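Here's a quick briefing to read with the structure open beside you. Take it topic by topic and find each part as you go.

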Amino acid sequence: MSEVPYFLPLEEAINLSLKHKLSCLVEHVSLDNAHQRILAEDLHSMVNDPPFDNSAMDGFAVRHEDTQHPPSTLKVVATSQAAAGKSDLSLVSGQAVRIMTGAPVPNGADAIIPIEACIISGDQVTLNQPSKPHFIRKCGENIAEGQLGLEKGTPLTPQAISMCATMGHPTVPVVQRLKIGIISTGDELKSPGEQLSYGEIYESNSYGLSGLVKMLGHIPIRYPAVHDSMEALREQFTIAAQECDLFLTSGGVSMGEWDFVRKLMETEGNLVFWRVKIRPGSPPLFGHWNGTPMFGLPGNPVSSHVVFRMLVVPYLRGSLGTNYPHDRIVHARLNTNVRSTKDCLTLRRVTLKSTDEGFIANQPKHQGSGNIDSLSSADGLTLLQPGQSGEAGQLIQVLLL
Ligand code: AMP
Ligand code: MG
């Protein structure tokens with residue numbers, strides 16, 4: 001045990017875990033199947049967007065100089081609709097072309113008059129104001145052919161998917177989804193829906209962790225909770241190691257007699273480190289079982305969630321060579337005293353209120369690491385560095401949940 005790094009600063013723990021990276025495979029999927037996936041390579045535009053100068057309004061395409069002395073009456077010579085095959089329209093001085101939003105601007109025109117500003121009579125249009133040289137969306141003004149549109153690691157949100165399509169990509173390279181096993185451990189655990197006997201509680205960690213895995217675009221495999229026994233854990237670890245790219249356990253990693261996850265990893269697994277300087281959530285361990293990386297997360301529900309965010313997320317980010325998910329961090333002024341620690345990064349749950357002076361952080365509920373209610377109602381976690389006091393009035397960083 002003595003040679004295994006113990007109670008490490010967070011950065012060191014992350015760096016150690018990243019010496020055992022997961023391999024990142026790339027697959028190509030259609031845009032319909034790309035939602036919530038992670039872009040695996042930089043994506044450049046295959047076209048100019050827009051591909052041609054077009055109108056931003058329904059109205060008339062004109063020559064700017066023809067409209068400088070209103071009222072000006074022009075002859076309507078053609079119509080440009082948003083459709084192919086109309087690229088050869090043109091006009092000369094004294095003429096206007098009726099134009100629809102998105103339709104190509106005729107040759108010779110350099111301004112669009114919105115329909116609201118026009119009086120139409122037969123094949124004539126009268127304008128009572130000078131045209132302005134806008135309402136033309138210039139070829140390539142959104143993105144030019146060959147330009148970088150989306151960076152590797154971008155989560156494919158609905159707006160990013162639209163961007164892929166605009167750039168002309170029918171399929172996109174994405175990170176192959178990882179299978180991430182989740183094993184809860186503890187004799188006291190029952191599934192919601194079952195009857196609780198005295199001393200038992202509902203198992204909640206695996207559901208929360210499964211949600212976090214899905215949020216990152218991977219595949220959770222939630223195994224049934226395992227009893228506190230070396231045999232049962234050994235069996236379940238072996239199955240998970242075979243079926244998954246990575247597996248997470250919750251519970252059984254502290255100093256207690258019943259903390260068999262730690263004991264099993266110490267004696268039969270490949271333990272890389274144990275305990276990290278974060279509060280809550282200091283007991284986690286990392287190692288591998290039969291060659292498959294695993295994180296042993298603490299059993300307390302808040303701790304398991306916090307450790308996933310602080311340790312597993314950076315591990316996945318680093319392993320996959322992406323910057324997703326970004327940590328979303330804001331500054332907020334503490335409205336209440338928050339208990340910090342001397343040697344740990346302190347991650348208290350706070351709610352945020354937006355005010356004229358910026359965000360105000362409150363800690364309305366008790367901070368026991370078993371109190372999932374205070375996590376589910378929180379907006380963020382304080383990022384109080386070791387030794388940083390958490391007095392009311394301080395401007396601190398908050399990691400958004
Ligand atoms: P442990 O780390 O196993 O000592 O567990 C610490 C605390 O977390 C105990 O109060 C456990 O009952 C509780 N706990 C452990 N696993 C879970 C779980 N999967 N869901 C909810 N609570 C849990
Ligand atoms: Mg336990």
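Let's start with glutamate 266, which is partly exposed at a relative accessible area of 30%. Here, buried means under 20% relative accessible area, exposed means over 50%, and partly exposed is in between (1.4 Å probe, protein chains only). Keep in mind that this is a predicted model, where local features need pLDDT of at least 70, side-chain atom pairs count only at pLDDT 80 or more, and totals for chains, interfaces and linings use all residues. Residues are numbered from 1 along each chain as its sequence is written, chains are lettered from A and ligands numbered from 1 in the order in which they are written, and side-chain values use heavy atoms, with hydrogens and water left out.

**Salt bridges**

- A salt bridge is a side-chain nitrogen of Lys or Arg within 4 Å of a carboxyl oxygen of Asp or Glu, and a search of the whole structure turns up nine of them.
- Glutamate 266 has one with arginine 262 (3.5 Å, N to O).
- Both of these residues sit in helix H5, four residues apart, or about one turn of the helix; arginine 262 counts as buried, at 9% relative accessibility.
- Helices (H or I, at least four residues) and strands (E, at least two) are DSSP runs, numbered from the N terminus.
- Lysine 138 pairs up with aspartate 53, and their closest N and O atoms are 3.5 Å apart.
- That pair links distant parts of the chain, 85 residues apart: lysine 138 is in the loop between strands S11 and S12, and aspartate 53 in the loop between S3 and S4.
- Lysine 138 is partly exposed at 45%, and aspartate 53 is partly exposed at 29%.
- Glutamate 200 meets lysine 190 in another salt bridge (2.9 Å, N to O).

**Helix H4**

- Which residues of H4 are buried? They are Met230, Leu233, Gln236, Phe237, Ala240 and Ala241.
- These residues cover an arc of only 135 degrees around the axis, which puts them on the same side of H4; the arc is that of the directions from the helix axis to the C-beta atoms.
- The face turned away from the buried side of H4 carries the exposed residues Glu231, Glu235 and Gln242.
- Among the elements covering the buried residues of H4 are helix H5 and strands S14 and S18.

**The barrel**

- Five strands form a closed barrel in the order S23-S26-S25-S27-S28, with mixed pairing; two strands pair if DSSP finds at least two bridges between them.
- S25 (residues 349–355) and S26 (residues 358–362) run antiparallel, joined by five bridges, and a hairpin of two residues connects S25 to S26.
- One of the bridge partners is phenylalanine 359 in S26, which goes with serine 354.
- S25 also pairs with S27 (residues 380–382), in the antiparallel sense over two bridges.
- Valine 350 has glycine 380 in S27 as its bridge partner, while arginine 349 stands opposite leucine 381 in S27.

**Two buried loop residues**

- Serine 45 lies in the loop between strands S3 and S4, and serine 45 is buried at a relative accessible area of 4%.
- Contact means heavy atoms within 4.5 Å; leaving aside neighbours within four places in sequence, serine 45 has contacts including Ile143, Glu145 and Met167.
- Leucine 216 is in the loop between helix H3 and strand S17, and leucine 216 is buried at 6%.
- With neighbours within four places in sequence set aside, the contacts of leucine 216 include Ile38, Phe308 and Tyr324.
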